[in-house]
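User: I would like to go through the pockets and the sheet of this model. Could you begin with the terms?

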Amino acid sequence: MHLYDSTIPSGNAYKIQLLLSHLKIPYKTTSLNIVSIPSESRSAEFLVLNPNGRIPTIVLDDGTVLAESNAIMFYLAEGTKYLPDDKLERARVFQWLFFEQYSHEPYVAVCKFRTYWAPGGFDDLTEREIKKLRERGQDAIDVMEIHLSGREWFVGDDYSIADIALYVYTSAAEAIGFRVEGHVRAWLERVEKVEGWVKIKKDPTGKCPS
Ligand SMILES: N[C@@H](CCC(=O)N[C@@H](CS)C(=O)NCC(=O)O)C(=O)O
């Protein structure tokens with residue numbers, strides 16, 4: 001398997017690196033410079049693989065290409081303990097994967113990228129747009145705090161790809177100014193104790209401290 005990720009530590013790519021580590025599946029990596037203008041993920045060569053021009057993208061040994069971090073996790077987790085068999089529990093995993101992509105990642109991940117790497121940071125946004133990013137990101141983390149009250153994991157009694165999807169950017173949230181409270185904090189610590197957990201890759205630019 002071949003994983004296309006980025007030279008800077010992408011949370012969306014980290015989802016795949018984390019799951020592959022839990023599953024002990026070996027893979028090769030090509031890291032694209034997504035901070036360059038244009039991003040290397042927009043090269044003609046890469047657009048043949050993923051017309052959406054984004055990482056993570058995987059290429060299986062038979063040449064099959066798959067994009068979108070949560071779809072890749074779903075594919076890799078099928079038949080493993082990281083994706084439940086029960087119909088309702090699977091639907092609940094999807095509930096959190098869609099929540100992550102619609103209500104969390106567009107705000108928390110965007111704030112992370114702009115804080116550390118985007119040329120000009122937040123400069124091209126109005127005060128109102130910055131406020132919206134911060135408020136919506138905080139709302140998502142607050143929803144997680146409520147859900148985790150009295151629960152160890154997002155779905156059922158076990159760690160699943162729903163936890164991985166929500167972990168990657170939430171673990172970076174406090175350092176970029178979001179409020180992270182007790183239940184989320186305890187859950188972040190639980191995730192970091194799961195067998196096979198690995199730290200996100202180091203930032204070669206040195207801008208992101210994690
Ligand atoms: N919904 C996509 C988002 C992927 C995404 O936004 N990837 C970013 C890095 S985290 C990227 O490739 N940016 C480069 C670009 O847009 O040119 C997923 O979950 O995989």
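Analyst: For lining residues, Ala, Val, Leu, Ile, Met, Phe, Trp, Tyr, Cys and Pro count as nonpolar, Asp, Glu, Lys and Arg as charged, and the others, Gly among them, as polar. This is a predicted model: local features need pLDDT of at least 70, side-chain atom pairs count only at pLDDT 80 or more, and totals for chains, interfaces and linings use all residues. Residues are numbered from 1 along each chain as its sequence is written, and side-chain values use heavy atoms, with hydrogens and water left out.

User: How do the residues lining the second largest pocket divide?

Analyst: Its lining has twelve nonpolar, three polar and six charged residues. A pocket is an open set of points on a 1 Å grid over the protein atoms alone, where a 1.4 Å probe fits, with protein on both sides within 12 Å along at least five of seven lines; lining residues have an atom within 4 Å of a point.

User: Which residues lie nearest its centre, and what is the volume?

Analyst: Of the 21 lining residues, Y167, S171, A172, E192 and S210 lie nearest the centre of the second largest pocket. The elements that give two or more residues to this lining are α4, α6 (161-170) and α7 (182-191). The second largest pocket holds about 360 Å³, a volume being the space filled by probe spheres set on grid points joined across faces, edges and corners.

User: And where does the largest pocket lie?

Analyst: The largest pocket lies between domain 1 (2-77) and domain 2 (87-191), because both give residues to its lining; the domain bounds come from an automatic or database domain assignment. Its volume is about 750 Å³. Helix α4 gives the largest share of the lining, eight residues. The lining of the largest pocket divides into twelve nonpolar, ten polar and six charged residues.

User: Changing topic, what is the strand order in the sheet?

Analyst: The open sheet has four strands in the order β2-β1-β3-β4, with mixed pairing. Its edge strands, β2 (28-32) and β4 (65-67), each pair on one side only. Helices (H or I, at least four residues) and strands (E, at least two) are DSSP runs, numbered from the N terminus, and two strands pair if DSSP finds at least two bridges between them.

User: In which sense do β1 and β3 pair?

Analyst: Strands β1 (residues 2-6) and β3 (residues 57-59) are antiparallel, with three bridges. L3 has I58 as its bridge partner in β3.
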